[in-house]
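Let us learn to read a few features of a protein model.

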Amino acid sequence: MELFWFIVLVVMLGVYVILDGYDFGAGIVHLFFAKTDEERKAVTNSIGPFWDANEVWLIASGGVLFFAFPTLYASAFSGFYLPLMLVLWFLIFRAVGLELRGQIHNRLWERFWETAFGIASLCLALFFGAALGNVVRGVNLGMVENGVSTVEPQYFFLELWNPTLDPMAESHGIIDWFTILIGLVSVLTLTIHGANWVILKSSSSLNARLKPAIFKINIALALLVILTFWLWEHVKPFPLNNLFAHAWLWIFPAIAATGLIGQFWIRRFKKDGMGFMFSTLFILGSLGTTVASLFPNVLPSTNTVNPSLTIYNVAAEDYELSVGVYWFVIALLLVIIYFIIQFRVFRGKLDDVGYGEH
């Protein structure tokens, strides 16, 4: 049952990254690429009917984490307390920026909330990427100092950064050069993803500028991905052992590579949905590669005193996990029905939705 719920959790997080990821990317596009009121309106219209529903996947993933892997939930939410609070505030500002922008028709008011929306989206993309970097790097479980645990083996706490910004130091911080690198990869990835969504759901003049911009950003993304893989070997030696042990797992890097390479043809695509498909493939392939390389670990330990947290030593009791399957099936059916209705109602271009206008 542990494996079943782990797959469910990973799939739900993947869906969240795909759906709310294009919201973050659209916010970054809104901040840096949209120059006129018409272009800014096109961006907000493209995500307006979807963004609040997309965030539900994050809440649902947290619920599954709490239900199926309570020890991991307790460990992560205590150790990552500071960045989680920052993420919460950024989520609030992003939502408030979208909702309040059209309440008062004053140029200063509108620009302030537009900027808040864009900056919050950028910071969320960066922090979620850095969070993934922390999981990949591992944490000092038990807060070991001089070979002795100072807290219980499954707990830890991370400051925002350590003085050296060194990911291999005994005392870690949320921010170091490795997690920042993955954060930048996340920002570029979601910027491309969001730009592809705007192209898919709008007919704005902005689209003509976004396609060459995606091509250029994808060059930087490809270089950062290569650099990240090289540095990953130094931070965590032999990170792809699982893939070499199980050849079928190489399907995930292949999917990621297909998505990354496909973006280089963005200017030749005749159908607007092609770019979004390739950016989705890159995200899913990258997430799948990361999960496959870590399995069965869900939070690696960087010391030799306390073992890593795995899906087996953080899971709830078998009876609880078994009973939860029935409720999960009911919830899944309701979610599928909801999203079918939502995407049927808001299919096609959304230039005339008029989101946020009051």
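**Reading the features**

A: In this predicted model, Arg111 and Glu114 form a salt bridge, with their closest N and O atoms 3.0 Å apart.

Q: Where do Arg111 and Glu114 lie?

A: Both are in helix H6 (residues 107-137). They sit 3 residues apart, about one turn of the helix. Glu114 has a relative accessible area of 7%, so it is buried.

Q: Which residues do salt bridges that share partners join into one network?

A: Asp37, Arg40, Arg111 and Glu114 are joined that way. Within this network, Arg40 pairs with Asp37, and the closest N and O atoms are 2.9 Å apart.

Q: Why are Arg40 and Asp37 separated by about one helical turn?

A: Because they are 3 residues apart in helix H2 (residues 37-47).

Q: Is Arg40 buried or exposed?

A: Compare the relative accessibility with a cut-off: under 20% means buried. Arg40 has 12%, so it counts as buried. Asp37 has 39%, so it counts as partly exposed.

Q: How many salt bridges does the model have by this rule?

A: The count comes to 9. Another one of them joins the side chains of Arg94 and Glu55, at 2.5 Å from N to O.

Q: What does the pair of Arg94 and Glu55 link?

A: This pair links distant parts of the chain. Arg94 is in helix H5, and Glu55 is in helix H3 (residues 51-68). They are 39 residues apart. Arg94 has 0% relative accessibility, so it counts as buried. Glu55, at 17%, also counts as buried.

Q: Which residues form a nonpolar patch on the surface?

A: They are Tyr81, Leu82, Met85, Leu88, Trp89, Ile92, Phe93 and Phe157. Together they have about 740 Å² of accessible area.

Q: Where is Trp89 found, and is Trp89 buried or exposed?

A: Trp89 is found in helix H5 (residues 81-100). Its relative accessibility is 52%, so Trp89 counts as exposed. Helix H5 also holds Arg94, which counts as buried at 0%.

Q: What describes two packed helices?

A: Use the angle between their axes, and the distance between the axes. Now take helix H7 (residues 177-201) and helix H8 (residues 206-235). Their axes come within 9 Å and cross at roughly 155°. That makes H7 roughly antiparallel to H8, because the angle is over 145 degrees.

Q: Is the crossing of H7 and H8 left-handed or right-handed?

A: H7 passes H8 in a left-handed crossing.

Definitions and conventions: Residues numbered from 1 in each chain as written. Predicted model: local features only at pLDDT ≥ 70, side-chain atom pairs only at ≥ 80, totals over all residues. Heavy atoms only, no water. Patch = residues over 30% accessible without salt bridge, like charges linked within 9 Å, V, L, I, M, F, W, Y side chains within 5 Å. Areas by Shrake-Rupley, 256 points an atom, 1.4 Å probe, with all protein chains shown as cover. Salt bridge = Lys/Arg side-chain N within 4 Å of Asp/Glu carboxyl O. Helix = DSSP H or I, 4+ residues; strand = E, 2+ residues; numbered from the N terminus. Buried < 20%, exposed > 50% of the residue type's maximum accessible area, 1.4 Å probe, protein only. Axes fitted to C-alpha atoms, helices over the stretch in contact; angles between N-to-C directions. Parallel < 35°, antiparallel > 145°, perpendicular 65-115°, else oblique. Left-handed = near helix turned anticlockwise from the far one by under 90°.
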